[in-house]
Amino acid sequence: MIKARVTVTLKNGVLDPQGKAIEGALGALGFSGVGHVRQGKVFDLELDGADKGQAEADLKAMCERLLANTVIENYAIAFD
């Protein structure tokens, strides 16, 4: 069993209204000095098998086809 985490974030230059709303809410809650908040998504996955090379190839395909909108998002894959 292989455990992996995929982190998806908006590319630089893409507007992030949710991040901006979070930034404003943090300020309203009294957390000063917080700026440039960007939000993203995290996927924790477990894959059958022991071949990390194949798992990485499969995860990249998953990201390209479903988990990330590669026009506006970047993704990173990390193994536990």
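Here is a short tour of this predicted model, one selection at a time.

Before you click, a few ground rules. Residues are numbered from 1 along each chain as its sequence is written, and side-chain values use heavy atoms, with hydrogens and water left out. Because this is a predicted model, local features need pLDDT of at least 70 and side-chain atom pairs count only at pLDDT 80 or more, while totals for chains, interfaces and linings use all residues.

**Colour by confidence.** pLDDT is the predictor's confidence in each residue, from 0 to 100. The protein chain averages 96, and 100% of its residues reach 70 or more. Strand β1 (residues 2-10) has the highest confidence, at 98, and α1 the lowest, at a mean of 96. Helices (H or I, at least four residues) and strands (E, at least two) are DSSP runs, numbered from the N terminus.

**Select the core.** Pick Ala4, Val6, Val8, Leu47, Leu59, Cys63, Leu67 and Ala68: these 8 residues are the largest nonpolar core. The elements giving it two or more residues are β1 and α2. A nonpolar core here is a set of buried Ala, Val, Leu, Ile, Met, Phe, Trp, Tyr and Cys residues joined through side-chain atoms within 4.5 Å. Buried means under 20% relative accessible area, exposed over 50%, and partly exposed in between (1.4 Å probe, protein chains only).

**Zoom in on Ala4.** Leaving aside neighbours within four places in sequence, Ala4 is in contact with Phe43, Asp44, Leu45, Leu47, Leu59, Ala78 and Phe79. Contact means heavy atoms within 4.5 Å.

**Now the salt bridges.** The rule is a side-chain nitrogen of Lys or Arg within 4 Å of a carboxyl oxygen of Asp or Glu, and the count comes to 4.

- *Lys20 and Glu23.* Their closest N and O atoms are 3.7 Å apart. They sit 3 residues apart in helix α1 (residues 17-28), so about one helical turn separates them. Lys20 is exposed at 55%, whereas Glu23 is buried at 19%.
- *Glu73 and Lys41.* Here the closest N and O atoms are 3.4 Å apart. Glu73 is buried at 12%; Lys41 is partly exposed at 33%.
- *Lys60 and Glu56.* This salt bridge spans 3.9 Å, N to O. Both residues lie in helix α2 (residues 52-67), 4 residues apart, about one turn of the helix. Lys60 is partly exposed at 39%, and Glu56 is partly exposed at 34%.
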